[in-house]
Amino acid sequence: MKKLLKNLGVWIIIAMVIGVIVGIIMGPEASMFKPLGDLFIQLIKMLVVPLVLVSIISGASALGETKSAGLIGGLSIAFMIVTTAISIVLALFLGELFEPGAAVNRDTVATLAEGYEVAQQSAPQSMNFWDTVIGMIPANPIQALTEGNILQIIIFGLFFGFGISALESNKRQKLTNGLNMILDALIWCIGKVMLVAPFGVFGLIADATGTFGFDILIQVANVLWIDLIAVLIIGLGLYPTCVYLFSKVKIKDYFRAMVKPQVVSFSTASSLATLPVNMNACDEMGISKQTSGFVLPLGATINMSGNAIYYALLATFFAQFYGIDLQMADYVSITIVCTLGAIGQAGVPGPTLLAAAVLAAAGIPLEGLPLFYALDRVFDMIRTTLNITGDAACAAVVDRFAQRK
């Protein structure tokens, strides 16, 4: 029992339940607790920009070293980026098709979003493809940092990280060690901020329930089944199709071998904890140890299609929730941030910061994000299962082409 009470996730769920009860009892007067949520959100915002910058640079500097792995590294990264991008596009499509955030009364949404200027948050309709591409590149990286332009920060971080990877080994090691120490310090800060998460969740849930009623929580739960649909399409459609068309692994062997790692990943919600089981599954499929030994650890670090689906659904949900019409430039920003953001995802506890970065990139307020905290463990189990399934599919495909050399 003591171990359970020390679990932050348990306290967040307790805080959400208490917030719901207080919101129902007090009604609109529960808004008196909203400053607790505002404080929590402000602390998250404080860490988003430095964390994204440092983690992207650190991840890209390590990723750039995979050129030494030659064909295996290039094919692995290409497979992961392409399948993650497809997953995001699918999630955006399903989010727009089912509109889980569109049922909230627009008058109450206006109350929550009072003072929020939609015109400043959405890209101009006149922006074309090249305007979007050029806008991704910061003319002044310092200005991008001060303005919190997440997409420009990611592009600069990737470019700078690859530059570090091109340095001589001793110079590169000093820089990467320093970056990793900064990242460790930021992760420590995140851990401390998360200690106040139950108070923030209580304040925001009490305010949301008092303002909107219990219906808002039902809407949040609706995102779960849309997420499941997307995960099933990718996990039972895209990945097996890639294995069938582009690998030597028999599709029945793939499905049979993946049962155990999928069960382990679903129960632990950890790609790294599932790594040994996934490697054993690849052995059963006949994939060479050289390939699986490289691809699976790399995939556990940067292959986050399940996470990307979740972030894309969050973006569409909150855009609908706040009545923001996403433009093509916003969809492009969401896709790029979700895809490239996965490179720096390893080692960052929980999805909060990257989810915040995705919302910020599309100009969507972060205030509603804690609504999803109580269900995050369920989402995490689902997305982790898809992630490790994609890792094995990538190993199967890469192994076929790598053996040609």
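**Core and helix contacts in a predicted model**

Q: Which residues does Tyr254 touch, leaving out those up to four places away in sequence?
A: In this predicted model, Tyr254 touches Tyr239, Pro240, Val243, Val249, Met285, Thr389, Ala392 and Ala393, with residues up to four places away not counted.

Q: Which members of the largest nonpolar core touch the most other members?
A: That core has 118 residues, and those touching the most other members are Tyr254, Met285, Phe318, Ile334, Ile364, Leu371 and Phe372.

Q: How many residues are in the other core that lies apart from it?
A: The other core has 5 residues, including Ala15, Ala30, Phe202 and Ala206.

Q: Turning to Gly23, where does it lie?
A: Gly23 is part of helix H2, which spans residues 8–26.

Q: Is Gly23 buried or exposed?
A: Gly23 counts as buried because its relative accessible area is 2%, and the cut-off for buried is under 20%.

Q: What is Gly23 in contact with, beyond its neighbours within four places in sequence?
A: Its contacts are Ala30, Ala206, Thr209 and Gly210.

Q: What does the side chain of Ser265 make a polar contact with?
A: The partner is the side chain of Thr385, at 3.3 Å.

Key
Residues are numbered from 1 along each chain as its sequence is written. This is a predicted model: local features need pLDDT of at least 70, side-chain atom pairs count only at pLDDT 80 or more; totals for chains, interfaces and linings use all residues. Side-chain values use heavy atoms; hydrogens and water are left out. A polar contact is a pair of N or O atoms within 3.5 Å; within protein, one must be able to donate a hydrogen and the other to accept it, and residues adjacent in sequence count only if both atoms are side-chain atoms. A nonpolar core is a set of buried Ala, Val, Leu, Ile, Met, Phe, Trp, Tyr and Cys residues joined through side-chain atoms within 4.5 Å. Buried means under 20% relative accessible area, exposed over 50%, partly exposed in between (1.4 Å probe, protein chains only). Contact means heavy atoms within 4.5 Å. Helices (H or I, at least four residues) and strands (E, at least two) are DSSP runs, numbered from the N terminus.
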